[in-house]
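The following exercises are to be worked with the sequence and the model at hand. Each task is followed by a solution in steps.

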Amino acid sequence: MLSLRTAEYCGLDSIYVAAPEKIISRIAFISPYVTIIPLSDLKITHGIVRKILRLIERRKVVIDTVLIGPGLTGIGKEIAALIYNLSKMDINVVIDSGAIYPETVKLVKFKNVIYTPKVGELKIILGEEYS
């Protein structure tokens with residue numbers, strides 16, 4: 001929700017939020033101008049990845065940047081597949097907390113990907129401990 005409010009505050013023209021059906025009413029209450037993409041599951045699965053990619057490929061959702069991670073749970077390899085495919089489509093990807101898995105770091109090394117890790121997540125990215 002904080003990411004959504006930040007996007008609005010920054011003046012983005014179109015904001016899409018892919019979220020579980022269970023929380024859509026809360027998102028709509030906070031921001032009536034956002035376009036919500038309802039997801040049937042509470043986490044990122046293979047089916048969810050296919051749904052999101054199909055929407056983009058069919059130009060039903062036109063985007064140039066995606067933020068993946070805040071509040072996200074899922075299967076690391078599915079999240080990595082989503083990020084990998086978005087990057088191949090020349091879509092900029094910002095990867096935050098819930099999307100930082102070893103699988104995403106191994107698969108995703110493109111010029112249009114930005115990681116925003118906290119200290120613990122930095123260990124996952126670099127494979128080393130920092131303090």
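Helices (H or I, at least four residues) and strands (E, at least two) are DSSP runs, numbered from the N terminus. The model is predicted: local features need pLDDT of at least 70, side-chain atom pairs count only at pLDDT 80 or more, and totals for chains, interfaces and linings use all residues. Residues are numbered from 1 along each chain as its sequence is written, and side-chain values use heavy atoms, without hydrogens and water.

**Exercise 1.** Determine which residues of H3 are buried (under 20% relative accessible area; exposed is over 50%, partly exposed in between; 1.4 Å probe, protein chains only), and how they are arranged about the axis.

*Solution.* The buried residues are Ile48, Val49, Ile52, Leu53, Leu55 and Ile56. Seen down the axis, they fall within an arc (of the directions from the axis to the C-beta atoms) of 155 degrees, so they line one face of H3. Their cover, by contact (heavy atoms within 4.5 Å), includes strands S1 (16–20) and S2 (35–39) and helix H4 (76–88).

**Exercise 2.** Locate Ile124 and list its contacts.

*Solution.* Ile124 belongs to helix H6 (residues 119–126). Its relative accessible area is 34%, so Ile124 is partly exposed. Not counting residues up to four places away in sequence, Ile124 touches Ile100, Tyr101, Pro102 and Val105.
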